[in-house]
Amino acid sequence: MPVESGSSAAARQQKQKRKSHSLSIRRTNSTEQDRSGLQRDMLEGQDSKLPLSLRSNLLDLFSQIEREFENLYIENLELRREIETLNDRLAAEGQTFEGADLAKGALKTKASHSTSQLSQKLKTTYKASTSKIVSSFKATTSRAVCQLVREYVGHRDGIWDLSVTRTQPVVLGTASADHTAMLWSIETGKCLLKYLGHQGSVNSIKFHPTEQMALTASGDQTAHIWRYMVQLPTPQPVADISQTPCEDDVDFSDKDEADGEIDGPNDCPSIRVATTTLRSHQGVVIAADWLVGGKQVVTASWDRAANLYDVETSELVHSLTGHDQELTHCCTHPTQRLVVTSSRDTTFRLWDFRDPSIHSVNVFQGHTDTVTSAVFTVGDNVVSGSDDRTVKVWDLKNMRSPIATIRTDSAVNRISVSVNQKIIALPHDNRQVRLFDMSGVRLARLPRSNRQGHRRMVCCSAWCEDNTSCNLFTCGFDRQAIGWNINIPALLQEK
């Protein structure tokens, strides 16, 4: 009696399964058509403010997604069955050849080897297909450790901006809507100095690259330059705060702590008169920064212009016009005479002052909503953030299109880029702070709960490259600044 070979039996079995698989898909498609017709009939009888055509389009899209998932599910089931069949066949062959003579040993080895290869291939295919579904729902985990080190509390209103000095002693500066700017000891959290010279909200603060001078922009339509002298107190032991993985202990509840009146530091010395006052704007001065070398400053205003001033004479050197709506931010390159301005007109502009006789400007239209900030990196990159919930990385040598795009779930405020680690810190309207690398890969999210983190919109972030207990600072409209210690392994950054 002729015996059917194992290979021909397997081929016939797989052919039958493919046939049943195609039949199941046809049954699924016919069922989908009946189901979609029934759901459209149900839509007409439901009350909704959406137009019927829009609801119908949404239904079609969701039906397509459902069909894709069903097809993947059916394919995964078939692969599982094939794996089980092959495993059974392997076991059966093992029992058959076990009592055979030595002449069949080579055949046994060859058959087992080919069958195991096919089994391994099917297992790999099954895992790859399953991962398409699983990876969509599996929460990302990281080995990055983000530790909240210290809170800086003392302002009576929201904090718009913060910055770290580039010279010794290293201190933290904050600009607040309570009309003040404060300097803080990073290690103790104590207020060292308070600036009271503005008559309106202080919207930004930046420090001179080599001298103990601060530049603040205000809603009183001016920018002030003022000198400071501080003495750092003796560092106190840091409270034992357990290290928290950046993705854990996240509470998305809207419950906020009671906002009582925060008593500001009463023993903090103050400065009331600016060394230099820069006046030319006809609207709120929203940001200001030092050009490389510290001999000139640039200011950005709601009057749709950015002004370039000489620090020594306080004279207006250039008025940079061209934006169609209010400016939101300005930033200078750390080593070259370049300025980038952001605006509510959805653009940011690059101004080039490297040639003293003429300055050029380039306009970049990469966003669909207000550009909240655009900052330079040490290399040849510009990073821009927007209310359209995206952050884009641009190459200065070819800025026709971004080299990386980061899409988020909330509007992005004033971003910052770490010089040493090249990590972008994204402060959000939804109280979150996320970290990405320059290629757009998400590295971490700072922990936030009712016990730690910001309780209101996070307005700004700033990195500290010096050897301090904190290497990242954030501030928000909960009237506090927070110092973090971020430890991201090199392997995680390379992924």
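**Strand, sheet and cavity**

Author: Gladly, and let's begin with β17: both of its faces are covered, with L338, V340 and S342 buried on one side and V339, T341 and S343 buried on the other. This is a predicted model, where local features need pLDDT of at least 70, side-chain atom pairs count only at pLDDT 80 or more, and totals for chains, interfaces and linings use all residues. Residues are numbered from 1 along each chain as its sequence is written, and side-chain values use heavy atoms, with hydrogens and water left out.

Reader: What makes strand β17 largely enclosed by the rest of the structure?

Author: Buried means under 20% relative accessible area (exposed is over 50%, partly exposed in between; 1.4 Å probe, protein chains only). Six of the six residues of β17, 338–343, are buried, so the strand is largely enclosed by the rest of the structure. A strand here is a DSSP run of E of at least two residues, numbered from the N terminus.

Reader: What lies on the β18 side of β17?

Author: β17 also pairs with β18 (residues 348–352), antiparallel over five bridges. There S342 stands opposite F348. The hairpin of β17 and β18 has four residues between the strands, and in it T346 takes a positive phi near 70 degrees.

Reader: Why are β16 and β19 at the edges?

Author: The open sheet of four strands has the order β16-β17-β18-β19, with antiparallel pairing. β16 and β19 (360–364) each have a single partner strand, so one side of each is left without a neighbour in the sheet. For β19, the pairing is with β18 over five bridges, and F348 stands opposite F364.

Reader: What is the second largest cavity lined by?

Author: A cavity is a set of points, on a 1 Å grid over the protein atoms alone, where a 1.4 Å probe fits but cannot get out; lining residues have an atom within 4 Å of a point. The lining includes R431, W484 and H454. Its residues divide into four nonpolar, three polar and two charged, where Arg counts as charged, Trp as nonpolar, and Gly among the polar.

Definitions and conventions
Two strands pair if DSSP finds at least two bridges between them. On a 1 Å grid over the protein atoms alone, a cavity is a set of points where a 1.4 Å probe fits but cannot get out, and a pocket is an open set with protein on both sides within 12 Å along at least five of seven lines; lining residues have an atom within 4 Å of a point.
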